[in-house]
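I opened my notebook and the viewer side by side. Here is what I looked up, entry by entry.

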Amino acid sequence: GAEPFPQEGCEKFVLKFPQKVLSSFLTSFSIVQHLSTKTETEVYEDYLDWRWTAHDPPLGTPPSGPGSIARLRVLVMAQANGQRALEAYRIVPSDDRRVLEAELSLSGLDGQCYHREQMHEKG
């Protein structure tokens, strides 16, 4: 709930916020600072790539090619359960997975697309 004094609200934020989430939030500033030189979609794609690369345990090379943005976004949305969400995503029926891949690969911004979605899958 709300705190009657702003100082107490800040204290509550710092002391009761999950450390892993707070650390991830603060570390993401190194990505967000590029909004002045890159498009929103490029910055978000960099963020998704960073989250994949920073995952513990390591997940290997970030995906590229069709469906890659969907996998990256599923990982981030699942937060602490990212690896389990990716395992579940792999067994989604192919027709449903294609719909998810199409929807999650849309940037929502005119003229902007995810570049890694256009790349050919490696290996």
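What does the side chain of histidine 55 reach? I looked, and the side chain reaches the backbone oxygen of proline 57 at 2.7 Å. I note here that this is a predicted model.

**Entry: around histidine 55**

I placed histidine 55 first. Histidine 55 lies in the loop between α4 and α5. Is histidine 55 buried or exposed? I read a relative accessible area of 15%. The cut-off for buried is under 20%, so histidine 55 counts as buried. I then listed what histidine 55 touches, leaving out residues up to four places away in sequence. Leu75 and Gln83 came up.

Next I checked proline 57. Proline 57 is in the loop between α4 and α5. I looked at the peptide bond that joins aspartate 56 and proline 57. The bond is cis, and I noted an omega of about 10°.

I went on to serine 64. Serine 64 also belongs to the loop between α4 and α5. I found serine 64 buried, at a relative accessible area of 4%. Serine 64 and histidine 115 are 51 residues apart along the chain. Their C-alpha atoms are separated by 8.8 Å.

**Entry: helix α5**

I turned to α5, which covers residues 68–78. How many of the residues of α5 are buried? I counted nine of eleven, and α5 is mostly covered. I wrote down the buried ones: Ser68, Ile69, Ala70, Leu72, Arg73, Val74, Leu75, Val76 and Ala78. What do they pack against? I found α4 (40–54), α6 (82–90) and α7.

**Entry: α5 against α7**

I looked up how to describe a pair of helices. Two packed helices are described by the angle between their axes and the distance between the axes. For α5 and α7 (residues 94–104), I noted an angle of about 85° and axes 8 Å apart. An angle of 65 to 115 degrees counts as roughly perpendicular, so α5 is roughly perpendicular to α7.

Which residues meet there? From α5, I listed Ile69, Ala70, Arg73, Val74 and Met77. From α7, I listed Leu100, Glu101 and Leu104. I sorted this contact by class. Six residues are nonpolar, two are charged and none is polar.

**Entry: just after α5**

I stepped past the end of α5 and reached glutamine 79. Glutamine 79 sits in the loop between α5 and α6. Its phi is near 50°, a positive value in a residue other than glycine. Is glutamine 79 buried or exposed? I found a relative accessible area of 54%. The cut-off for exposed is over 50%, so glutamine 79 is exposed.

**Entry: the whole protein**

I zoomed out last. I counted seven helices and zero strands. The order from the N terminus reads α-α-α-α-α-α-α. I fitted a box along the principal axes, and the C-alpha atoms fill roughly 50 × 35 × 25 Å.

How much of the protein is buried? I got 29% of the 123 residues. The protein exposes about 8500 Å². Carbon and sulfur atoms supply 58% of that area.

Notes. Residues are numbered from 1 along each chain as its sequence is written. This is a predicted model: local features need pLDDT of at least 70, side-chain atom pairs count only at pLDDT 80 or more; totals for chains, interfaces and linings use all residues. Side-chain values use heavy atoms; hydrogens and water are left out. Axes are lines fitted to C-alpha atoms, for helices over the stretch in contact, and angles run from 0 to 180 degrees between N-to-C directions. Helices (H or I, at least four residues) and strands (E, at least two) are DSSP runs, numbered from the N terminus. Angles under 35 degrees count as roughly parallel, over 145 as roughly antiparallel, 65 to 115 as roughly perpendicular and the rest as oblique. Contact means heavy atoms within 4.5 Å. Ala, Val, Leu, Ile, Met, Phe, Trp, Tyr, Cys and Pro count as nonpolar, Asp, Glu, Lys and Arg as charged, and the others, Gly among them, as polar. Buried means under 20% relative accessible area, exposed over 50%, partly exposed in between (1.4 Å probe, protein chains only). Accessible areas come from the Shrake-Rupley method with a 1.4 Å probe; for residues, only the protein chains shown count as cover. A polar contact is a pair of N or O atoms within 3.5 Å; within protein, one must be able to donate a hydrogen and the other to accept it, and residues adjacent in sequence count only if both atoms are side-chain atoms.
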